[in-house]
Each structure stands twice: as structure tokens, then as C-alpha cells.
Amino acid sequence: MTAAVRVVGISGSLRQDSLNTKLLRAAMALLPDGMTGEIAPIGDLPLYNADIDAPRSERPAPVQRFRDALARADALVIVSPEYNYSIPGGLKNAIDWASRGEDSPLLNKPVALMGATAGMWGTVRMQQAFRPVFQYLNMQPVNKPEILVAQAPQKFDAGGRLIDEMTRQLIAQQLQILKVLTLRLKNR
Ligand code: FNR
């Protein structure tokens with residue numbers, strides 16, 4: 001039997017009632033058989049500063065915890081809002097902390113990206129802003145289907161559950177492709 005593909009999910013929003021965190025929870029619940037998921041928080045990370053970035057054992061504890069969580073993962077699921085047509089600062093900060101060193105747990109990793117907005121564009125510009133980041137880290141994004149959840153407040157019920165069937169199907173499809181991509185890369 002093949003071991004499960006381990007996924008770590010990251011939300012780009014720290015807001016208690018975040019649409020994107022709800023979307024991330026929905027995605028974790030839609031993982032196909034053979035995938036397991038955990039969510040790695042980013043709200044406790046200090047601002048990136050190379051003076052306090054150091055090899056293992058010397059990094060700030062929240063940074064090391066975050067990097068260790070990513071290192072346990074075979075693949076990532078990033079779910080984020082768009083801030084000012086780009087990647088939210090807190091999320092970019094987390095990526096920066098995880099990106100340094102030959103032991104960076106982001107290098108070469110498969111990743112699925114999605115996002116939700118109250119508006120009409122569904123985070124398309126944030127997702128475009130991620131492309132060069134993925135390129136620099138040689139990450140392996142799932143290119144299609146894109147998950148752009150526009151007018152998101154209408155797509156969750158009062159309990160925060162994703163109720164839009166089309167979105168649920170697209171997420172399930174994207175995660176299945178992430179699984180296939182991850183297994184292909186693992187067995188290479
Ligand atoms: C936004 N919002 C936003 N929306 C958008 O479609 N394009 C954008 O560039 C921005 N920029 C932006 C900047 C900042 C600083 C904030 C706080 C908000 C609106 C944003 O999509 C909306 O607040 C989402 O609900 C945020 O996601 P969460 O927190 O619900 O996950």
C-alpha cells in the first residue's frame with residue numbers, strides 16, 4: 001500500500017471570520033483518499049529579518065515550527081485573499097521565512113493555490129503574483145483548474161461551510177491533480 005500524501009494548508013488571512021480560512025478548511029475536508037492534511041498557522045511569525053535567520057536550532061521557535069510543519073508535507077495547499085492586487089504581506093513573510101537555505105521545505109514542492117474574495121475577480125492577481133515565487137523556488141503548481149472564488153460570502157452557509165457545488169467540484173478536481181503530481185514527483 002502506498003503511504004498517504006501529506007498536505008500542509010496555509011491561509012493567507014489572519015482574520016477570525018476569514019473566507020479564505022473557511023475555504024482552506026473546506027479544501028482539507030475535500031482531500032481525496034490517500035491524502036492527509038494539517039493546517040500550519042502563520043500569525044505568530046516575526047517579520048523576516050536575515051539577522052535572526054540562521055540554520056536550524058537557532059531560528060525563532062515559531063519559524064522553526066512552521067518550517068518543520070512544511071518539511072513534513074509532501075505538498076502544499078495555499079488559500080489566500082488578494083491584498084492590493086498582490087500576495088498579503090503576512091503570507092509573503094511566511095513564504096520568505098520558509099524559503100531560505102538548502103533545506104528550505106518549499107524547494108521543488110507541489111502546490112495548489114486558491115483564493116476567495118467578496119468581489120468579482122476571485123484573487124486572480126494574487127495568484128498571478130505567486131507565479132514568480134513558485135518559479136524562484138522551483139515549486140510545482142497545479143495550473144488547472146484555477147480556483148477563483150468570487151462573491152464568496154454567498155458561497156458559505158452561516159456555519160462557514162462551503163455550499164457552492166461547482167466550487168466544491170473544482171477543488172476536489174484540483175486536489176486530485178495535486179495528488180497525482182505529488183506521487184509522480186515522489187516516485188521519480
Ligand atoms: C483587500 N481586498 C481586496 N480584494 C480584491 O479583490 N483585490 C484587492 O486587491 C484587495 N485588496 C485588499 C487589501 C487589503 C489590505 C484588505 C484588508 C482587503 C478585499 C478582500 O478580498 C476581502 O477583505 C476578503 O474578504 C479578505 O479575505 P478574508 O480575510 O475574508 O479571507
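When I say helix or strand today, I mean DSSP runs, H or I over at least four residues for helices and E over at least two for strands, numbered from the N terminus. With that in hand, here's Ser13: you'll find it in the loop between strand 1 (5-11) and helix 1 (19-29).

Quick housekeeping. This is a predicted model, where local features need pLDDT of at least 70, side-chain atom pairs count only at pLDDT 80 or more, and totals for chains, interfaces and linings use all residues. Residues are numbered from 1 along each chain as its sequence is written, and side-chain values use heavy atoms, with hydrogens and water left out.

Okay, the overall picture. The protein has five helices and six strands, and reading along the sequence you get β-α-β-α-β-α-β-α-β-β-α. The C-alpha trace spans about 45 × 40 × 30 Å along its principal axes. How does the radius of gyration of the protein compare with that of a compact globule? For 188 residues the globule rule puts it near 16 Å, and the protein has 16 Å, so the two agree. That radius is taken over C-alpha atoms, and the rule is 2.2 Å times the number of residues to the power 0.38.

On burial: buried means under 20% relative accessible area, exposed means over 50%, and partly exposed is in between, with a 1.4 Å probe and protein chains only. By that count, 49% of the 188 residues are buried. As for contacts, meaning heavy atoms within 4.5 Å, take the ones between residues at least 6 apart in sequence: 77% of those join residues at least 24 apart.

Now the ligand. Around it sit Ser13, Arg15, Ser18, Leu19, Asn20, Pro81, Glu82, Tyr83, Asn84, Tyr85 and Thr117, where being around it means having a heavy atom within 4 Å. By class, that shell has four nonpolar, five polar and two charged residues. The classes go like this: Ala, Val, Leu, Ile, Met, Phe, Trp, Tyr, Cys and Pro are nonpolar, Asp, Glu, Lys and Arg are charged, and the others, Gly among them, are polar.

Which side chains come up against the ligand's oxygen and nitrogen atoms? Ser13 has a side-chain N or O atom 2.7 Å from a ligand oxygen. Asn20 puts a polar side-chain atom 2.8 Å from an oxygen of the ligand. And Glu82 has a side-chain N or O atom 2.8 Å from a ligand nitrogen. Taken alone, the ligand exposes 620 Å², and the protein buries 68% of that. Those areas are Shrake-Rupley with a 1.4 Å probe, and for residues only the protein chains shown count as cover.

Next stop, helix 4, residues 124-136. Met126, Gln127, Phe130, Val133 and Phe134 are its buried residues. Why might a helix show that kind of spacing? An α-helix has 3.6 residues a turn, so residues three or four places apart point the same way. The buried set packs against strand 3 (75-79), helix 3 (89-99), strand 4 (110-116), strand 5 (140-141) and strand 6 (147-149).

Most residues other than glycine have a negative phi, and most peptide bonds are trans. Thr123, though, has a positive phi of about 75 degrees; Thr123 lies in the loop between strand 4 and helix 4 and is buried, at 0% relative accessible area. Just after helix 4, Asn138 has a positive phi of about 50 degrees, and Asn138 is partly exposed at 42%.

Then there's Pro145, in the loop between strand 5 and strand 6. The peptide bond from Lys144 to Pro145 is cis, with omega near 0 degrees. What reaches the backbone oxygen of Pro145? The side chain of Gln174, at 3.4 Å. Gln174 belongs to helix 5 (residues 165-186) and is buried, with a relative accessible area of 1%. Beyond its neighbours within four places, Gln174 contacts Ala112, Leu113, Met114, Val142, Pro145 and Ile147.

Terms used
A polar contact is a pair of N or O atoms within 3.5 Å; within protein, one must be able to donate a hydrogen and the other to accept it, and residues adjacent in sequence count only if both atoms are side-chain atoms.
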